[in-house]
Amino acid sequence: MDGILNIYKEKGFTSHDVVAVVRKTLHMKKVGHTGTLDPDAEGVLPICVGRGTKLADIIMDGRKSYRAILHLGISTTTEDASGEVVEEKPVVFDEESIEKTISSFIGEQEQIPPMYSAVKINGKKLYELARAGKEIERKARKITVYDIKIRRFIPPCQVEMDVECSKGTYIRTLCADIGKALGCGGHMASLLRTATGAFTLENAIKLHELKALEEAGQVDTVLLGLADALKGYTRVYVSEKSAKLLYNGGKIRSEFFRAEKELKEGQEVIVFDHKMDLTGIYTIVQEEKSFFIKPLKMLI
């Protein structure tokens with residue numbers, strides 16, 4: 001069984017909990033997630049199984065979409081509702097001012113990861129240090145917030161918003177930073193991940209539904225194949241003459257493959273053998289007047 005399951009992570013589960021349940025349900029060892037969701041958060045969590053685990057980093061690189069509730073006036077240790085309150089300030093709930101401030105966070109920026117996060121520094125996870133009562137200096141990381149749409153204002157102190165952002169963005173920290181910019185502080189009251197790359201809420205399944213499908217022998221109906229998970233890539237088909245070279249991860253000249261679209265230098269493509277089996281992700285290399293395909297990630 002190779003591919004990706006679009007799991008709806010429910011509150012109370014860690015991402016590792018979800019992996020453990022999927023392993024037990026499918027009786028498989030090779031299972032991995034595609035980016036941590038906090039226990040209190042819920043929503044889309046693609047789970048890779050079998051050869052699908054080789055695509056985890058590619059899926060993690062995709063854009064993320066979230067629905068969050070920002071609670072103004074209360075700052076917490078964890079920047080979300082699970083933490084201890086460290087400061088309370090009065091809130092001037094001026095919708096125009098709040099909207100203007102939130103909009104100022106759209107774009108490329110630097111964000112300091114929270115102490116309560118899985119980021120590792122010198123081999124130690126930040127949340128382990130935080131639980132031990134330690135706080136250390138963290139380097140800011142470049143992130144991009146592509147868009148923030150306010151869904152509704154919830155007087156006297158909450159705002160529901162949809163955020164589209166790059167990988168590595170902490171919505172908790174975004175909420176806390178918006179609160180600081182407004183002068184009253186704030187934290188993330190709730191979080192729902194609505195999409196990771198091509199995986200959305202619409203076809204996400206809960207763990208109990210996966211168990212029912214496994215018992216009915218129908219897991220394949222919700223398992224997204226490797227090629228389907230990479231549908232945004234141009235397809236290249238290699239002839240049988242170069243099969244041995246292909247399986248050994250060799251560089252293949254253009255006379256031994258055909259592409260469904262015109263190719264260009266540096267482009268990433270997915271490559272199939274003469275049996276129409278997906279073999280890997282390749283990059284296009286141009287040397288003089290000839291094209292080659294060179295392996296980036298083998299999937300066999």
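**Close-up 1. E79, a buried loop residue.** At 15% relative accessibility, E79 counts as buried (buried means under 20% relative accessible area, exposed over 50% and partly exposed in between, with a 1.4 Å probe and protein chains only). E79 lies in the loop between β5 (74–76) and β6 (85–88); helices (H or I, at least four residues) and strands (E, at least two) are DSSP runs, numbered from the N terminus. Although E79 is not a glycine, its phi is positive, about 70°. The structure shown is a predicted model, in which local features need pLDDT of at least 70 and side-chain atom pairs count only at pLDDT 80 or more, while totals for chains, interfaces and linings use all residues. Residues are numbered from 1 along each chain as its sequence is written, and side-chain values use heavy atoms, with hydrogens and water left out.

**Close-up 2. H27, an exposed loop residue.** H27 is found in the loop between α1 (15–26) and β2 (31–33). Its phi is near 55°, a positive value in a residue other than glycine. H27 counts as exposed because its relative accessibility is 65%.

**Close-up 3. The cis peptide bond between P155 and P156.** The peptide bond that joins P155 and P156 is cis, with omega of about 10°. P156 is placed in the loop between β10 and β11.

**Close-up 4. Helix α5 and its surroundings.** Helix α5 (residues 171–182) has 12 residues. From its first C-alpha to its last, α5 reaches 17 Å, close to the 16 Å expected at 1.5 Å a residue; the expected span is 1.5 Å times one less than the number of residues. The buried residues of α5 include I171, L174 and I178. Elements against which the buried residues of α5 pack include α3 (95–103), β7 (107–111) and β12 (186–196). Just after α5, G183 has a positive phi of about 85°.

**Close-up 5. Strand β15 and its partners.** Four of the five residues of strand β15 (residues 234–238) are buried, so the strand is largely enclosed by the rest of the structure. β15 pairs with strand β18 (residues 268–272) in the parallel sense over four bridges; two strands pair if DSSP finds at least two bridges between them. T234 has V269 of β18 as its bridge partner. Strand β17 (residues 257–259) runs antiparallel to β15, and three bridges join them. Here Y237 has R258 of β17 as its bridge partner.

**Close-up 6. T279 in strand β19.** T279 is placed in strand β19 (residues 278–287). Its relative accessibility is 1%, so T279 counts as buried. Leaving aside neighbours within four places in sequence, T279 is in contact (heavy atoms within 4.5 Å) with residues including L246, V271, F272 and I300.
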